[in-house]
Protein chains: 2
Amino acid sequence: MNDSIALISRIRENANKLIVKYLNTNGIEGLVPSHGDILAFLISKKQCTMNELAQSIHRTKATTTVLVDKLEKFGFLERQKSVNDSRVTFLTLTEKGQNFKPIFEKISKDLIDKLYQGFTNDEIIAANKLLKKMLKNIE
Amino acid sequence: MNDSIALISRIRENANKLIVKYLNTNGIEGLVPSHGDILAFLISKKQCTMNELAQSIHRTKATTTVLVDKLEKFGFLERQKSVNDSRVTFLTLTEKGQNFKPIFEKISKDLIDKLYQGFTNDEIIAANKLLKKMLKNIE
DNA sequence: GCAGAATAGTTAGATATCTAACAACACGCT
DNA sequence: AGCGTGTTGTTAGATATCTAACTATTCTGC
């Protein structure tokens, strides 16, 4: 519907496909970028509530429930009820989930390398500055 | 999963929400950006096959069928079987669909204005150049 | 202590999107 | 003409994602 937006959409869709491809290459099938976002967040945060998680990955609580269900089923994370507030559920990575860290780092690097192939360092900085400015405009 | 990709994802998601909002504001409810892409393509192309359409909006044939079903149901476009090849279906806008043109133009303008608010002309040109370069890298 | 409001996470339903399979059709070669 | 291959658009099933509604729980003010 609009050239810039169309470009951005195409980049994102291709990036998502690439992420899924990299995940598969590293032996992780059936996951999508949002799953990756969750695992990445838990790698850095160690433990969080469903609410925190939903906010961090910019998804609704309902979507987060489904995403977490699958990760729990695959054995990447665990749920624990809070002892202070029984509405609250904490999430932590299992050992299997923690083993995701090196894979996550590799995929991130490969993705960036591919996205910015042929860019100078100045161009990379400029691109990110412009993207941040766009996002701020459209929030 | 990656800062630049995350930025791009956020921009795209916010842009899509804005498109839907603008569509609603202009009296068109129940449509999503892909519907808009279809109408825009038919505004410029007048008539096309399902295959051409699917390729132009970067969606699979299956998805395109569902999208077109809805637009046909809403009265924006019509299907006609080809007389030369009975597998082929041509799509054309109805009068209601053609009335979408000014709305489409307005939405496009509003969206760009918002995305590039506060940008110099050089920055806009630079942003698009960088985005094209990224897309080429990641295709 | 109680009532009303707010909150956390889940459930149900709808939808855009994909893959895979399919039926009908067209094409090219023998 | 017949056969094998390729093509078109649809159908079926799965899934991430949303909204809305919900239950159970917690919080706040009286």
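Colleague: Let us start from one residue and then move to the contact. Is A:Cys48 buried or exposed, and what is its relative accessible area?

Modeller: A:Cys48 is buried, at a relative accessible area of 0%. Buried means under 20% relative accessible area, exposed means over 50%, and partly exposed lies in between (1.4 Å probe, protein chains only). B:Cys48 is buried too, with a value of 1%. A search of the whole structure turns up zero disulfides over all chains. A disulfide here is a pair of cysteine sulfur atoms within 2.5 Å.

Some ground rules come next. This is a predicted model, where local features need pLDDT of at least 70 and side-chain atom pairs count only at pLDDT 80 or more, while totals for chains, interfaces and linings use all residues. Residues are numbered from 1 along each chain as its sequence is written, chains are lettered from A and ligands numbered from 1 in the order in which they are written, and side-chain values use heavy atoms, without hydrogens and water.

How do they meet? The contact (heavy atoms within 4.5 Å) takes 44 residues from chain A and 44 residues from chain B. Of the interface residues of chain A, 100% are also interface residues in chain B, so the copies meet through the same surface. Between them, the chains bury about 4,700 Å², with 69% of it on carbon and sulfur atoms. Buried area is the accessible area (1.4 Å probe) that two parts lose on being put together, summed over both.

Polar links cross this contact. Chain A and chain B share 16 residue pairs in polar contact, both residues being at pLDDT 80 or more. A polar contact is a pair of N or O atoms within 3.5 Å; within protein, one must be able to donate a hydrogen and the other to accept it, and residues adjacent in sequence count only if both atoms are side-chain atoms. On chain A, the elements that give two or more residues to the side touching chain B are helix H1 (3–25), helix H2 (33–45), helix H6 (100–115) and helix H7 (121–138). H1(A) gives the most, with 13 residues. Helices (H or I, at least four residues) and strands (E, at least two) are DSSP runs, numbered from the N terminus.

In one of them, B:Arg12 pairs with A:Glu13, the closest N and O atoms being 3.2 Å apart. A:Glu13 also forms a salt bridge with B:Arg59, with the closest N and O atoms 2.9 Å apart. That pair runs from helix H1 of chain A to the loop between helix H3 (50–56) and helix H4 (61–73) of chain B. A:Glu13 is buried, at 16%, whereas B:Arg59 is partly exposed, at 25%.

Conventions
A salt bridge is a side-chain nitrogen of Lys or Arg within 4 Å of a carboxyl oxygen of Asp or Glu.
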